[in-house]
Amino acid sequence: MCTDRSLAWPRPLAALMVTLIAALLAAPAGARAGERWPDGPRQWTHEAGTLTLSAPPTRIVALNWAATEALLLLGITPVGVADRDGYGTWVQAPGLPDAGVANVGSRSAPSLEAIAELKPDLIVTSAELAPAASQLAALAPTYVISLYTPGADPFERATRQLRTLADMTGRRARAERVLAELNATLDQERARLADAGLAGIPVALVNFLDTRHVRIYARNGLYQTVLDRLGLVNAWQAPGNFWGFSVTGLDALAATPDARLAVIAPTPPGLADSLAESPFWTYLPSVQKHRVYPVEATWPFGGVYPIQRLARALTDGLLAGGDDGVE
Amino acid sequence: MVSSNPTAAPEVRNLKRTVRNSPLRATALFWLAAVAAITLPWAGDAGPLNLLRAFWTFDPADYTSVLAHFSWAPRVTMAILVGAGLGLAGAVTQQILGNPLASPSTLGVAAGCQLGLTLATLYAPGLLAISADLPAVAGGLLAIGLVVALTGRLGFSPVSVILAGLVVTFSLGAVNMAFLLIRGEWLGNLFIWGAGSLVQNQWQGVADLWPRLLLLGGLMIALMRPLRLLQLGDTSARALGARVAGVRALALVLVVVLTATVVSRVGVIAFVGLAAPVLARLFGGRTLGQRLFWSPLLGGGLLLLADGLAQLATDLGPGSLVPAGTTMALIGGPVILLALHSLRNTRQLPGQPASPGGLSVRRRPTHWVVGGLALLLLGTVILAMALGPGLAGWHWTGPTDWPEAWHWRGPRLLAAALAGALLGLAGTLIQRMTGNPMASPEMLGISGGAALAMVIVVLLGVDIGRTTHLLVATAGAAGALTLLLTLARRHRFAGNQLLLGGLALYVFMDAGLRLVMTAGGVAASRLLSWMYGATWLVTATEALALLGLALAAAVALLAVLRPLALLPLGETTATALGLPVARARLGLLLLAALLTAAATVVVGPLSFVGLIAPHLARVLGQQTVGRQLLTAALAGAVLMALADYLSRTLMFPTQLPAGLLAALLGGGYFLWGLTRHGRA
């Protein structure tokens, strides 16, 4: 039960492979630059108003990772991305090409000058950057969509984002293919779980923040879609914050004795040893029943793709059998 | 200074006497409330006897009992230990520094610990697995090492230690915040640590902590006699044979090690170290011995109560953890307000020199200093407009292209420089008015009010546009000002009471900020980057509005030069010289508040320039009112303009908040100036 760093932290090699494959896929679907729509400019309404485009955008800047992911899924390489290097570590797939994508700064404060230099014809952002809305709108038409807003279902919003971007860029068929593949994966994994007799079991999806605190994903988060579609029950019934999770002390896990604990990577260093020394953890009902499952890292605030990845990883983990500690 | 309220009603005086005679009763009350709060959630599950048994044993077959023994009992013990330790450290700190606003966290210790943990998390995670203490204590020692090295030559005079501590806090805090903002995903644990949570899942933490606390506490109490001599003032203490500098240094090191030991385990829990000694004094701890006895008891009770309430709030709330740091702040705010009503003459605490001297610097010709600063400002503006990085690397922009470049570089530069100047002026006004070198515009609570409004917006989960953003911040600042004026009227707008009132407002903001920090994520990053000066959001209209306001302020300042020069002479002298003291103070307060509010709304509340610019002016040898104002304004402008330039270019395209860089630049320069020019 030692800390395996290759598991605990994202794997560069795997990310590189995914990147290469994505780059190959993206290459033939190059955008048709400058080609105007035959029936004149088109309009879309979005959170912050309407946006008008006279031709399919070809130079797109994505100011968050969910938007980046949606573009890559459609086979579009954005010209600029916020926090480009972090994407490779935290979102990983679909991979971002190594060359030809500029970094435009952090997700909370992108550099307007850098965006301007890219001369984009579309900026995709969320309401999180609302204070900069007028400055962004001065640069290029801005499509504002927030996956996490009170009362909204993040998966429904992510699907809408994917379809709208596909509509703007003339790739609707591709978006439907992506969604069909996602649905097929979810159905297939659900069947695997049902065959193993695991339908309807309670699962707690947790990230360890340190040895005393966890983040538990709640009903209003993106991951709820995974649990619902796999026929699993979320063991954490508290409402969660606006971003679909609760940060709690480890003691909160005691409230759900029947739950299987899916521990999503990365875990903090030294966690395994620290927990093994804590009788509070070793006597935890889920741990006593060997119901702790490691799950590889996914991005909880992403678009549709993390759902597909988590569904696979979670099913694989649950079927591989549990343990009495974290890795 | 005359007693603040000579006409207090007899029943109020009686009440005060009753309260004063019973520190025991007050302490017992805190503890009773605390015990009620921590046992309430268990009322249904375990009897009082079972809960008591949880402190030494458990039943493996019954998970409730396991939970009580390994989670609840160590948490309760931890709260008491941490509260008592910080309470004692606070009492000692206030004694050695002779300032009621001083607490262990003002010495830079917590900021140092946090930086140590951040660096370890990012670059040596293996180290954390071995011992989380190591990097934290190392960081804490680095912080206090800086403070000691800088102030040693000044004989650890209280003013210089406080200033150096504050500057080190801000500078190290700035470095740390930069890491949190740039690599926040890696640092989820640091967000929680910064919020202060006492959650435990084994006895290890307690077992590590109590022997260390016992040893350090014992050493502190052994220092009591020499510490008591400090009360008489440096000269008398020296005459009685106390080695003043040595005693102070030793006590400081003890405070640091104790604070670092505590903080590395549970995170930043502020206000215990501030509130416990203040309460001990308030409830009748007149001698140092009494205060050293009651402060830890009160601290332990306070933090236990705070943690009990935090636990209740967590259980009743929507499932997310409410950290003890939040509830402690909510209790600490009222405590400080209470102190505000009762500590009559905080200005002349024993051991505090009457004038904020300590740093007497050789005077220099004003025209040279002002001319130099103006040139520096001009140079910064040219540099900012002409030389900058693009996606293809650094390039030079000729003056013909400036109209185009102005769009991205101009408004933020102008707003930053103006905000710096306004804060420099406001800071000078406030430090002159209160005679407290720790005073800064932030401490008036104006920025705290603006920040509180923004924190509430974030907690509500609303995403707002720039205009609403400005309106919300303005409303917060205005609300804070109204509250402040109401409070201040009772004290004839005098000195430290104002600062304490502002501090209490800041505390409420801090409580909310800790809740946001616990959740972490982009919301926390966005809030923090606004608080530390998101100049990139400034539009041209806003910058021009700020320019108009700055010009109006300059005119208004000409009218207040005389009152500013007279006020520090004391109320009696100033009145004798024909100054309507209360009205003059009100006018100055309003002016300072307006300047602060305007700057805060545009560049965020935690700029630090307001604290440092007046000191820069003094380090540059400008002592009289008019010269200090002018120099502080220019120094603030240069500092913020340069900070804005660097914030845009240093890590292009990643932007750092300008306030962070101002803290680093200004802090660095000030510390250098302190060692170079300062004299005991």
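Residues are numbered from 1 along each chain as its sequence is written, and chains are lettered from A in the order in which they are written. Because the model is predicted, local features need pLDDT of at least 70 and side-chain atom pairs count only at pLDDT 80 or more, while totals for chains, interfaces and linings use all residues.

**View 1. Overall make-up of chains A and B.** The secondary structure of chain A comes to 13 helices and 13 strands, and that of chain B to 29 helices and two strands, where helices (H or I, at least four residues) and strands (E, at least two) are DSSP runs numbered from the N terminus. Of the 327 residues in chain A, 53% are buried, and of the 680 residues of chain B, 59% count as buried; a residue is buried if 20 or more other C-beta atoms lie within 10 Å of its own, exposed if 12 or fewer, and partly exposed in between, with C-beta atoms placed from the backbone. Among contacts with a separation of 6 or more, residues 24 or more positions apart account for 68% in chain A and for 80% in chain B, two residues being in contact if their C-beta atoms, placed from the backbone, lie within 7 Å.

**View 2. The contact between chain A and chain B.** The contact takes 54 residues from chain A and 47 residues from chain B. On the side of chain A that touches chain B, the elements that give two or more residues are α4 (84-90), β5 (102-103), α5 (112-117), α6 (133-137), β11 (245-249) and α11 (279-282) of chain A, and α5(A) gives the most, with five residues. By class, this side of chain A has 29 nonpolar, 16 polar and nine charged residues, where Ala, Val, Leu, Ile, Met, Phe, Trp, Tyr, Cys and Pro count as nonpolar, Asp, Glu, Lys and Arg as charged, and the others, Gly among them, as polar.

**View 3. Helix α8 of chain A and its surroundings.** At 1.5 Å a residue, the 24 residues of α8(A) (residues 172-195) should span 34 Å, and the end C-alpha atoms are 35 Å apart, which agrees; the expected span is 1.5 Å times one less than the number of residues. The buried residues of α8(A) are A:Ala175, A:Val178, A:Leu182, A:Leu186, A:Glu189 and A:Leu193. These buried residues pack against α3 (65-73), α7 (154-169), α9 (223-230) and α13 (305-320) of chain A. An α-helix has 3.6 residues a turn, so residues three or four places apart point the same way. Just after α8(A), A:Gly197 takes a positive phi of about 75°.

**View 4. Strand residue A:Val203.** A:Val203 is found in strand β8 (residues 202-208) of chain A and is buried, with 26 other C-beta atoms within 10 Å. Not counting residues up to four places away in sequence, A:Val203 touches A:Leu227, A:Leu232, A:Val233, A:Asn234, A:Ala235, A:Ala259, A:Arg260 and A:Ala262. A:Val203 and A:Ala262 are 59 residues apart in sequence and 6.9 Å apart in space, C-alpha to C-alpha.

**View 5. Packing of helices α19 and α22 of chain B.** Helix α19 (residues 446-459) and helix α22 (residues 521-531) of chain B pack at an angle of about 165°, with their axes 11 Å apart. That makes α19(B) roughly antiparallel to α22(B), a term for angles over 145 degrees. In this pair, B:Ala451, B:Met454, B:Val455 and B:Val458 in α19(B) meet B:Ala523, B:Leu527, B:Trp530 and B:Met531 in α22(B). By class, the contact has eight nonpolar, no polar and no charged residues.

View 6. Most residues other than glycine have a negative phi, and most peptide bonds are trans. Phi of A:Gln92 is near 65°, a positive value; A:Gln92 is found in the loop between α4 and β5 of chain A and is buried, with 24 other C-beta atoms within 10 Å. Phi of A:Lys119 is near 45°, also positive, in the loop between α5 and β6 (122-125) of chain A, but A:Lys119 counts as exposed, with 11 C-beta neighbours inside 10 Å. The peptide bond from A:Ala265 to A:Pro266 is cis, with omega near -5°, and A:Pro266 lies in the loop between β12 (260-264) and α10 (271-276) of chain A. In chain B, a cis peptide bond with omega of about 0° joins B:Phe652 and B:Pro653, and B:Pro653 has its place in the loop between α28 (625-649) and α29 (658-677).

Note on methods: Axes fitted to C-alpha atoms, helices over the stretch in contact; angles between N-to-C directions. Parallel < 35°, antiparallel > 145°, perpendicular 65-115°, else oblique.
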